[in-house]
Amino acid sequence: MAHDYELKYFNDIERKTIDWLWYPYIPYGKITLVQGDPGEGKTTMLISIISLLSKGDPFPFTDKKTTAVSIYQNAEDDVADTIKPKLEMHMANCNNVCYIKKKSDNIFMDDDSIEKAIVESGAKLFVLDPIQAFIGDNVDMNRANVIRPRMNKLKEIAQKTGCAVVLVGHMNKNSSGKSNYRNLGSIDISAAARSVLVVGKLSKSSEIKVLAQLKNNLAPKGKSITFKIENRMVKWISECSLTADDLLSCSLSGGGYKRTVAENLIHLSLEDGMKTAKSIFDKAQEQGISIRTLKTVKSTMPVRSLKKNGIWYWEMNGKEVGNHAEQ
């Protein structure tokens with residue numbers, strides 16, 4: 001009797017290693033989900049990543065350089081007056097960035113044109129921003145039986161083409177409970193993603209934003225990364241110890257938060273040259289950071305102290321000098 005199935009033994013399966021667009025945040029051939037509240041900088045952050053990829057510049061805090069085409073589908077911003085100016089501000093090679101413009105209907109997650117466009121362009125990164133706009137007309141994204149086949153289609157496309165697929169999602173308003181339940185829509189969306197990243201503010205009053213990894217099924221979670229947006233352009237600052245749960249549970253009051261604030265304060269204070277230690281102490285106190293915490297964090301950074309005319313200064317990119325009385 002013929003069967004409509006086949007038994008496959010793992011002994012016959014050839015093992016493969018995971019390749020990464022940006023280790024350990026965005027894998028090739030898999031789905032990555034980027035989540036955050038509206039207006040927190042998700043789109044601009046991704047524009048920065050796309051721009052780096054377009055010209056072969058290394059991704060933040062890594063030496064890996066890759067030049068490749070990206071397909072960027074954005075349903076909220078105009079391509080001419082918003083997307084292209086942002087790309088140009090990030091000095092992207094726009095010959096390596098494209099989008100799918102259909103002659104009739106809008107593009108949706110299960111559209112056959114996605115795979116065709118990836119193959120035609122040779123794209124290594126495909127982005128849907130935000131996912132809510134590409135689910136389909138009259139589709140309830142909270143229903144697993146509707147979302148699951150669409151996510152499976154994207155997973156299949158990613159696997160067949162080896163392209164990194166990134167979905168951008170706005171989060172719901174629930175600030176209680178675990179952060180992985182704050183995604184908008186069916187849990188199948190985050191379940192299908194091998195990497196889940198979240199973007200949020202360091203604090204309500206801070207200009208500093210944090211990219212944190214909530215989930216990684218393929219490697220150890222990456223360090224969180226701080227950045228700020230100036231003149232519509234991303235400025236990457238430093239790695240930090242905050243977690244995605246810290247970021248999304250509004251519990252930013254502990255030691256990890258204070259160390260992150262102190263580290264970013266030092267980076268931003270010294271980015272354009274030497275500053276007096278007192279001026280940095282004053283800024284720290286304004287942000288509720290003790291001098292002790294500031295000095296502890298400074299001791300872990302490439303910052304040196306030097307004394308001129310009786311005044312202590314801090315300077316980036318040097319080894320610590322001086323004695324234990326140093327400021």
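Analyst: What follows sets computed values against their definitions.
This is a predicted model, where local features need pLDDT of at least 70, side-chain atom pairs count only at pLDDT 80 or more, and totals for chains, interfaces and linings use all residues. Residues are numbered from 1 along each chain as its sequence is written, and side-chain values use heavy atoms, with hydrogens and water left out.

User: What makes α1 oblique to α2?

Analyst: The axes of α1 (residues 42-55) and α2 (residues 79-89) cross at roughly 50° and come within 9 Å. Axes are lines fitted to C-alpha atoms, for helices over the stretch in contact, with angles from 0 to 180 degrees between N-to-C directions. Under 35 degrees is roughly parallel, over 145 roughly antiparallel, 65 to 115 roughly perpendicular, and the rest oblique. Therefore α1 is oblique to α2.

User: Which residues make the contact?

Analyst: From α1, T43, T44, I47, I50 and S51; from α2, I83, K86 and L87. Contact means heavy atoms within 4.5 Å.

User: How many helices and strands does the chain have, and what counts as one?

Analyst: The chain has 9 helices and 14 strands. Helices (H or I, at least four residues) and strands (E, at least two) are DSSP runs, numbered from the N terminus.

User: Where does pLDDT stay under 50?

Analyst: Over residues 175-181, which have 14 contacts beyond four places in sequence. Residues 319-325 are also below 50. pLDDT is the predictor's confidence in each residue, from 0 to 100. The chain averages 85, and 88% of the residues score at least 70.

User: Why does a low score matter?

Analyst: Because where pLDDT is low, the predicted coordinates should not be read in detail.
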